Amino acid sequence: KAVAVYGLELQSTVEKWMTLRMMVYDALTYTEMMKNQNQMCALISMVLYTGENKWSGSHRLSDLISIPEESKEIVEDYGMHLFHALDIDVKKLRNPDLIEFFMLFQDLHRLDRTVLFEKYRNHPPLNPEVVDAVAVLSNCKDLELLVTVDKEGKKVCSNFDRIVRELRNEGRAEGRVEGIVVGRAEGKAEGRSEGLLEGIQV
């Protein structure tokens, strides 16, 4: 029976040489299969890019090397399967956990944190494992706080109210600080203006 092995490489930053790296990974994996006398099977390697900026690195080997015009038809141009997590169309996914993962990941990068947690507070219960995965990939401490352990020792997502409350309080505090800073700056500007006017009148 024919089988395929899927490999997934997570990449948070743009890497110019990513295509070459993936080609080497594939070659090493096939070499291991050969050494261990395992069944040689299809290897499908993919890169999931989780950065915010558009991918500007290589997609194919030809992006990295110069090929003489007369040799282009005979050079093996290794291509890389790369997916940007922010561009994944969740409507085309079937696995519930994957749908939840990419929805949460995309919302985390596009919505205000308070709006995000208020949205998911009224959402069907999130899978704690999915939340943990998104929190780690996004380095989001707020998401990490969302997951707690209940009396039965199971992971649950139950800290929505607390996090929303803390985020709102942080927002109010930041607003007060900004108001004080702006007020002081305006006061200094008014003082300088009054001083200039007095100097002119004298």
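V24 counts as partly exposed, because its relative accessibility is 40%; here buried means under 20% relative accessible area, exposed over 50%, and partly exposed in between, with a 1.4 Å probe and protein chains only. The residue sits in helix α1, which covers residues 18–35. V24 also belongs to a nonpolar patch on the surface, together with W17, L20, Y25 and L28, and this patch has about 440 Å² of accessible area in total. Patches of this kind are made of residues with over 30% relative accessible area and no salt bridge, where nonpolar side chains (Val, Leu, Ile, Met, Phe, Trp, Tyr) are joined within 5 Å and like charges within 9 Å. The areas come from the Shrake-Rupley method with a 1.4 Å probe, and for residues only the protein chains shown count as cover.

The model is predicted, so local features need pLDDT of at least 70 and side-chain atom pairs count only at pLDDT 80 or more, while totals for chains, interfaces and linings use all residues. Residues are numbered from 1 along each chain as its sequence is written, and side-chain values use heavy atoms, with hydrogens and water left out.

Turning to the overall layout, the chain holds six helices and five strands. Helices (H or I, at least four residues) and strands (E, at least two) are DSSP runs, numbered from the N terminus. Read from that end, the order of elements is β-α-β-β-α-α-α-α-β-β-α. Of the 202 residues in the chain, 29% are buried. The C-alpha atoms of T50 and V14 are separated by 9.5 Å, although the two are 36 residues apart along the chain.

The next feature is open space. The largest pocket has a volume of about 330 Å³. Among its 13 lining residues, L8, L48, I88, L98 and F102 are the closest to the centre. Two or more lining residues come from each of β1 (4–11), β2 (42–49), α2 (96–110) and α4 (128–138), and α2 gives the largest share, four residues. On a 1 Å grid over the protein atoms alone, a pocket is an open set of points with protein on both sides within 12 Å along at least five of seven lines, where a 1.4 Å probe fits; lining residues have an atom within 4 Å of a point.

Salt bridges complete the picture. Six are found in the whole structure, each being a side-chain nitrogen of Lys or Arg within 4 Å of a carboxyl oxygen of Asp or Glu. One joins the side chains of D77 and R60 at 3.1 Å, N to O; both residues lie in the loop between β2 and β3, 17 residues apart. D77 is partly exposed at 26% relative accessibility, and R60 is partly exposed with 36% relative accessible area.

Another salt bridge pairs D107 with K119 at 2.6 Å, N to O. It links helix α2, which holds D107, to helix α3 (residues 113–121), which holds K119, across twelve residues. D107 is buried at 14% relative accessibility, whereas K119 is partly exposed at 36%.

K155 and D132 form a further salt bridge, their closest N and O atoms being 2.9 Å apart. Because K155 lies in strand β5 (residues 155–157) and D132 in helix α4, this pair ties together parts 23 residues apart in sequence. K155 is partly exposed, with a relative accessible area of 41%.

Terms used:
Points joined across faces, edges and corners; volume = space filled by probe spheres on them.
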